[in-house]
Amino acid sequence: MTSKPIFLDRVRPAAEQPLLRSGVDRTSIGALVRNFYSRVRKDERLGPIFAVGIVGDWEPHLEKMTDFWCSVILKNGDYNGRPVPAHLKLKDVTEADFDIWLTLFRETAAELFAPEIAAVFVERAERIAASLKLAMFFRPGSAAALPNTTGAA
């Protein structure tokens with residue numbers, strides 16, 4: 001007899017659950033996506049980055065992002081893309097750009113949803129941003145990848 005399965009259950013995080021609340025559906029998520037990307041397109045830093053990546057009709061991208069967020073929030077499996085390779089192609093993106101992205105996302109979610117629902121969207125956006133930043137900027141063995149343990153800034 002081994003306690004390994006019990007130990008694994010203790011260290012494995014619980015799976016995210018779908019956010020099943022009144023008013024949280026494809027329509028409201030699509031409104032979030034469209035409002036958010038409207039802000040992104042107007043932003044002096046992010047707008048030009050997205051303009052290079054998405055030329056012409058934005059509707060296919062908005063639909064893909066609606067699928068993505070429906071999968072993230074509703075756990076419906078609508079999204080079949082690969083976000084990391086798509087973002088790795090963006091050579092002008094900096095880590096600081098994710099702070100702008102998150103600020104715009106927080107503002108949009110707060111305007112469209114009740115605080116407890118907006119908090120779920122924001123928490124998941126923050127984890128997505130952290131994952132993308134790791135994929136795009138973390139380089140094992142580089143000085144930038146090592147934690148600062150000296151206390152110096």
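This is a predicted model: local features need pLDDT of at least 70, side-chain atom pairs count only at pLDDT 80 or more; totals for chains, interfaces and linings use all residues.

Q: Where is Thr-108 found, and with which residues is it in contact, leaving aside its neighbours within four places in sequence?

A: Thr-108 is found in helix H6, and once its neighbours within four places in sequence are left aside, Thr-108 is in contact with Leu-32, Asn-35, Phe-36 and Arg-39.

Q: Which residues of the largest nonpolar core touch the most other members?

A: The largest nonpolar core holds 39 residues, and those touching the most other members are Val-24, Ile-29, Tyr-37, Trp-69, Ile-73, Trp-101 and Phe-121. At least two residues of this core are supplied by each of helix H2 (26–42), helix H3 (46–53), helix H4 (59–74), helix H6 (95–112) and helix H7 (115–137), and the largest share, 9 residues, comes from H7. To follow one member, take Ile-29, which, leaving aside its neighbours within four places in sequence, is in contact with Val-24, Thr-66, Trp-69, Cys-70, Ile-73, Leu-74 and Phe-121.

Q: How is a pair of aromatic rings described?

A: Such a pair is described by the distance of the centres and the angle of the planes. The count here comes to 13 aromatic pairs. In one of them, the rings of Phe-68 and Tyr-79 have their centres 5.1 Å apart and their planes at 85°, so the pair is edge-to-face. Phe-68 lies in helix H4 and Tyr-79 in the loop between H4 and H5, so this pair ties together parts that are 11 residues apart in sequence. Both Phe-68 and Tyr-79 are buried, and ring pairs link them into a cluster whose members also include Phe-36, Tyr-37, Phe-50, Trp-69 and Trp-101.

Q: What is the volume of the largest pocket, and which of its lining residues are the closest to its centre?

A: The largest pocket has a volume of about 640 Å³, and of the 27 residues that line it, the closest to its centre are Tyr-37, Phe-50, His-61, His-87 and Leu-90. Two or more lining residues are given by each of H3, H4, helix H5 (83–88), H6 and H7, with the largest share, 6 residues, coming from H4. By residue type, the lining divides into 19 nonpolar, 4 polar and 4 charged residues.

Technical notes:
Residues are numbered from 1 along each chain as its sequence is written. Side-chain values use heavy atoms; hydrogens and water are left out. A nonpolar core is a set of buried Ala, Val, Leu, Ile, Met, Phe, Trp, Tyr and Cys residues joined through side-chain atoms within 4.5 Å. Buried means under 20% relative accessible area, exposed over 50%, partly exposed in between (1.4 Å probe, protein chains only). Contact means heavy atoms within 4.5 Å. On a 1 Å grid over the protein atoms alone, a cavity is a set of points where a 1.4 Å probe fits but cannot get out, and a pocket is an open set with protein on both sides within 12 Å along at least five of seven lines; lining residues have an atom within 4 Å of a point. Grid points are joined across faces, edges and corners, and a volume is the space filled by probe spheres set on the points. Ala, Val, Leu, Ile, Met, Phe, Trp, Tyr, Cys and Pro count as nonpolar, Asp, Glu, Lys and Arg as charged, and the others, Gly among them, as polar. Rings of Phe, Tyr and Trp (its six-membered ring) pair if their centres lie within 6.5 Å; planes under 30 degrees apart count as stacked, over 60 as edge-to-face and the rest as tilted.
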